[in-house]
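This report concerns the nonpolar core and the aromatic contacts of the structure shown below.

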Amino acid sequence: QVQPVESGGGLVQAGGSLRLSCAASGGTFSRYAMGWFRQAPGKERDFVAAIGTSWRGYRTYYADSVKGRFTISRDNAKNTVYLQMDSLESEDTAVYYCAAGPRDLYGMGYVRVESYDYWGQGTQVTVSS
């Protein structure tokens, strides 16, 4: 089974950028769909972005709230998935989680928390206004 570990969080001013990384060990990374979710205090864990495997053409998915500002990518040689976050807003403040799911996810399956089997511990992103 794969174990994701997030890094790259921190404090940034509104309008700035951060890049989150998620290194996955213990499994065949290329076989997993990968997703990013976030959870703000007192709120549910929400979908941010996801990327499929080669089986799904590495198709990407984004929440409407981050579309055009965030970019998800993966490097199978490094067992790592990235989330480039630009034009950050105070509403982006949350703990960001990386998750691995089965390669046969499709459509709305990518956005559901319950679709993913393995989760990292999370990394805090704070955007100051």
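Which residues does methionine 34 touch, not counting residues up to four places away in sequence? Methionine 34 touches Cys22, Phe29, Ala49, Ala50, Ile51, Ile72, Arg74, Val81, Cys98, Ala99, Ala100 and Tyr116, where contact means heavy atoms within 4.5 Å.

This is a predicted model, in which local features need pLDDT of at least 70, side-chain atom pairs count only at pLDDT 80 or more, and totals for chains, interfaces and linings use all residues. Residues are numbered from 1 along each chain as its sequence is written, and side-chain values use heavy atoms, with hydrogens and water left out.

Met34 is also among the residues that touch the most other members of the largest nonpolar core, together with Trp36, Val81, Leu83, Met85 and Tyr96. This core has 36 residues; a nonpolar core is a set of buried Ala, Val, Leu, Ile, Met, Phe, Trp, Tyr and Cys residues joined through side-chain atoms within 4.5 Å. Buried means under 20% relative accessible area, exposed over 50%, and partly exposed in between (1.4 Å probe, protein chains only).

The whole structure holds six aromatic pairs, defined by centres of Phe, Tyr and Trp rings (for Trp, the six-membered ring) within 6.5 Å; planes under 30 degrees apart are stacked, over 60 edge-to-face and the rest tilted. Two of the pairs are tabulated.

| Pair | Centre to centre | Plane angle | Class |
|---|---|---|---|
| Tyrosine 32 and tyrosine 118 | 6.1 Å | 80° | edge-to-face |
| Tyrosine 116 and tryptophan 119 | 6.2 Å | 65° | edge-to-face |

Tyrosine 32 is buried at 17% relative accessible area, whereas tyrosine 118 is partly exposed at 23%.
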